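Hello,

Here is the structure for you to look through. My notes on it follow below.

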Amino acid sequence: MTEILFFVEVVVAGLLAGTMYSLVALGFVLIYKASSTFNFAQGAMVFFAVLAFVGFMELGLPFFLAFIVTILLMGVVGFCTERLVLKPLMNQSEDTLLMATIGLGFVLEGLAQAAWGVEVRRLDLGIGDFPIQWIIDTFGLFVSALDLTAGLVAAVLILGLSILFKYTKMGLGLRAVADDPGAASSIGIPLNNIMLLVWTAAGVVALVAGMMWGARAGVQFALVDLALKALPVLIIGGFSSIPGAIVGGLIIGATEKVLEVYIGPYFGGAIEGWAPYVLAIFFLLYRPEGLFGEKIIRRV
Amino acid sequence: MKSNNIFMEYTKNDIINFLLLMFVALLIIPITIESGYWYSSILIPWLCLALASIGQQIVMGYAGQLALGAAGFMAAGAFACYNLILRVPDIPFFVALVLSGLIAAAFGILFGLPSLRVRGIYLMVATLASQFFIVWMIDKFGWFKNYDSSGIITAQDIVIMGKSFTSPLEMYLVIVFVVTVLTLLAVNMARGSTGRNWMAVRDMDIAAESMGISLLRTKLQAFAISAFYCGVAGALFAFTYLKSLEPVAFDIKLSFKILFMVILGGLGTISGAFIGAAFILLFPVLLNSVGNNIFHGAIDATIISSIEQVVFGVLIIIFMIYEPLGMAKLWDNIILKFKKNN
């Protein structure tokens, strides 16, 4: 019985940690849906956003104000990216855009470190990374409060974004742009505003993801490497699907935790570092478009 | 016209350029440069990384497969070489070097397999697996490190025909030899049918396939040869530059560095690998000396390295927008303009 409980505990911890990957992947999906760009810089945006947030807090801004200012800053970053990087590269091949966003990632990482320094910051959200007592009492499970908060925040964000995309005029416009940018702009959908909205939304998602990661592991450069794990998440879930990002994150989170706990000890541990990527390879071999992705049809 | 040459035909200019380069590399540099600093901190790492960039160039610039795991293959090569010299008695250095390249190539084929199904960022994620897996494997299985618990292993001396090559100049000569041979080979492959197949697959794989080019063969060949170059480069890098073997030296940052060398240097050119490696290696040195001499250390070293990152990123974006073929093409353009004006 305790073994089963332990297994459940491992899976739950994995699932909740997985929502953090989902959050990073979500920003990726937003931009991919709107502009068919693989935004490799999403990880760097996470780092940039949360470092900026902590930086503003250190300047003495209250929590809420710092949050707003950071979102505005991410809007500016999105605006500049759109104007200076993506516009000039319109109609270029996907690989070219991908390489450009790798460059963008380096710019953001460098700027963040130049502006706010390289030392590890602590981010205290007032939520501890320790088990919640009443869950231990009722179910006998150890579930971290931070993990649970991350899960809830992710759920709220996804709900909000889904409503935004499904039921608002802006969202309708966005879907039109995603479908066919040329046709969308010819019927008068403001392409620039939509892009700005998407990049800002991706910035908000990045900030939230960064705050969750930062509260757990400290705000530091290693966040960028953690954010790389959003890539296998996307492969498993599909690049253009919001539910895919969530499910992919959960799968990666749970699998890597279970593997680490049950198989890791035989190999000296730390297989979390590569297990998600190998899992992604298996998905690529059997279902390259991901669980929820659209089938990729290439025309010659 | 000779018809069945083993090597591609070269124009007079090519041969003159080659002899000139060899003259500089083997005579002028050894005679004029005496300080060990130039060899061990600039020339040796430059040539090693240029070799790895050629590997990256083959898979990415020629075969068009977006791979991001060069440092993993370098690690495989470096540790293979260490173990071969350690465990096989009296193995000649060059044999060990070639074998370690082949071992890296085997990894290249294994992790190149996903390229048969996917491309672009999908492939990039698959190759990231190689990067993390290889470094983890070396780190976690004590055998590879000869059960050394300190984590840092001193590399053996390079011994060729009973003579050990340990001074910076001697090691430089060994590297020049290896790099020259492999670069010539790469140029020939790129110009020959192998390279043409790669480029056909890069430009449009479906068209290439319908012309009878086997995608399986061509892609895996590119991955294998690329990993071979990276493996040899990794072994040289560890034995002559780092002089120690530690898995962390081959982390993802190095892979990104090599990727940048190839993108900035110019995709699809061998010379681009050398130009890109020189730039990525020298720019931080330049930036540091500017920081020290002009601002007298008033700027923090971490800020300088951040600025370096920003500059690399901005340059990549600028090159992608204005000159996707990189510095090699820029250089060609300058020469062309110069010739026109004369």
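B:C48 touches B:I175, B:A233, B:L236, B:F237, B:T240 and B:Y241, leaving aside residues up to four places away in sequence. Please keep in mind that this is a predicted model.

B:C48 also turns up in the largest nonpolar core, which has 204 residues. Five residues touch the most other members there: A:V198, B:C48, B:L51, B:M74 and B:I316. As background, nonpolar side chains tend to be buried together in soluble globular proteins.

Now chain B as a whole. Chain B has 13 helices and four strands. Its radius of gyration is 20 Å, close to the 20 Å that the globule rule gives for 342 residues, so chain B is as compact as a globular protein of that length. Along the principal axes, the C-alpha atoms of chain B fill a box of roughly 55 × 50 × 45 Å. Of its 342 residues, 46% count as buried. Take the contacts in chain B between residues at least 6 apart in sequence: 78% of them join residues at least 24 apart.

Next, the interface. How many residues of chain A are in contact with chain B? There are 38, and they meet 31 residues of chain B. On the chain A side, α4 (94-116), α11 (230-237) and α13 (275-286) each supply at least two residues. The largest share, 16 residues, comes from α4(A). By type, the chain A side divides into 29 nonpolar, six polar and three charged residues.

One helix of chain A deserves a look: α9, residues 191-217. At 1.5 Å a residue, its 27 residues should span 39 Å. The end C-alpha atoms of α9(A) are 38 Å apart, which agrees. Is α9(A) mostly buried or exposed? Buried: 20 of its 27 residues are, so the helix is largely enclosed by the rest of the structure. After α9(A) comes A:G218, with a positive phi near 85°.

A:G218 leads on to A:V120. Leaving aside residues up to four places away in sequence, A:V120 touches A:G218, A:V219 and A:Q220. A:V120 lies in the loop between α4 and α5 (133-139) of chain A. A:V120 counts as exposed, because it has 12 C-beta neighbours inside 10 Å and the cut-off for exposed is 12 or fewer. The C-alpha atoms of A:V120 and A:L51 are separated by 9.7 Å, and the two residues are 69 apart along the chain.

Best wishes

Definitions and conventions: Residues are numbered from 1 along each chain as its sequence is written. Chains are lettered from A and ligands numbered from 1 in the order in which they are written. This is a predicted model: local features need pLDDT of at least 70, side-chain atom pairs count only at pLDDT 80 or more; totals for chains, interfaces and linings use all residues. Two residues are in contact if their C-beta atoms, placed from the backbone, lie within 7 Å. Ala, Val, Leu, Ile, Met, Phe, Trp, Tyr, Cys and Pro count as nonpolar, Asp, Glu, Lys and Arg as charged, and the others, Gly among them, as polar. A nonpolar core is a set of buried Ala, Val, Leu, Ile, Met, Phe, Trp, Tyr and Cys residues joined through C-beta atoms within 7 Å. The expected span of a helix is 1.5 Å times one less than its number of residues. The radius of gyration is taken over C-alpha atoms; the globule rule is 2.2 Å times the number of residues to the power 0.38.
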